[in-house]
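Keep the sequence and the model side by side as you read.

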Amino acid sequence: AIKRKLLEILITEKNELQSVKYSCEYVPVDSTGNMPAYGIIRTLVSLDRYIKWPRARICNNQATKTVKKNSNEYFFENSVPKTMRSDKGTASTSKKLKNVLRKAQVKYFRGLPNIQTATRSVERIIQTLKNNRVTIVHG
């Protein structure tokens, strides 16, 4: 029964990238998690899929308040995206964040963390950040 339920989730997971025609149409978002090489910091990363311009913000935590603040900053700096997508991290599942995005009329999707088709661009940026930080600290 558990395997069947997992299979149903995987089948229904939207795992294809839709084409984009303009800026702020689709913005994947993710967090690096804790970066122990630099103390207790995390980086929130987003990427406009049309212009391929990454945005990374260092923060002390990934609490809802922090993600909400960063979302509002993103809206101010870049415009309100039509669609945002993230994995099912703690901060991205809160009702407060859902309310902020709903009020801004942003479609918000959360995907499975192990299926990264929709968020692979930010996952790649996160891996690059981690690799470069480790190189800088230990190099």
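Y74 touches C24, V27, S46, D48, R55, S79 and P81, leaving aside residues up to four places away in sequence; a contact here means heavy atoms within 4.5 Å. Y74 is found in helix α2, and the C-alpha atoms of Y74 and S46 are 8.9 Å apart in space although 28 residues separate them in sequence. Is Y74 buried or exposed? Y74 counts as buried because its relative accessibility is 5%. The cut-offs are under 20% relative accessible area for buried, over 50% for exposed and partly exposed in between, with a 1.4 Å probe and protein chains only.

Before going further, please note that this is a predicted model, in which local features need pLDDT of at least 70 and side-chain atom pairs count only at pLDDT 80 or more, while totals for chains, interfaces and linings use all residues. Residues are numbered from 1 along each chain as its sequence is written, and side-chain values use heavy atoms, with hydrogens and water left out.

Now step back to the whole chain. Its secondary structure comes to four helices and five strands, which follow one another from the N terminus as α-β-β-β-α-β-α-β-α. Helices (H or I, at least four residues) and strands (E, at least two) are DSSP runs, numbered from the N terminus. Of the 139 residues, 39% count as buried.

The five strands form an open sheet of mixed pairing, in the order β3-β2-β1-β4-β5. Its edge strands are β3 (53-59) and β5 (107-110), each pairing on one side only. On average, neighbouring strands are turned by 20° against each other, direction ignored. Two strands pair if DSSP finds at least two bridges between them.

Follow β4 next. Three bridges join β4 to β1, and these two strands run parallel; the partner of P28 in β4 is R85. Strand β4 (residues 83-86) also pairs with β5 in the parallel sense, over four bridges. There, R85 stands opposite F109, and M84 has Y108 as its bridge partner. In a regular strand the side chains alternate between the two faces of the sheet. Both faces of β4 are covered: T83 and R85 on one side, and M84 and S86 on the other, are all buried.

Helix α2 (residues 64-78) lies across β1 (26-31), β2 (42-48), β3 and β4, and runs at about 145° to β3. For such angles, axes are lines fitted to C-alpha atoms, for helices over the stretch in contact, and the values run from 0 to 180 degrees between N-to-C directions.

Which element gives the largest share of the lining of the largest pocket? That is α2, with four residues. About 280 Å³ of space lies in this pocket. Of its 22 lining residues, V29, D30, L44, V67 and S86 are the closest to the centre, and the elements giving two or more residues to the lining are β1, β2, α2, β4 and α3 (95-103). A pocket is an open set of points on a 1 Å grid over the protein atoms alone, where a 1.4 Å probe fits, with protein on both sides within 12 Å along at least five of seven lines; lining residues have an atom within 4 Å of a point. Grid points are joined across faces, edges and corners, and the volume is the space filled by probe spheres set on the points.
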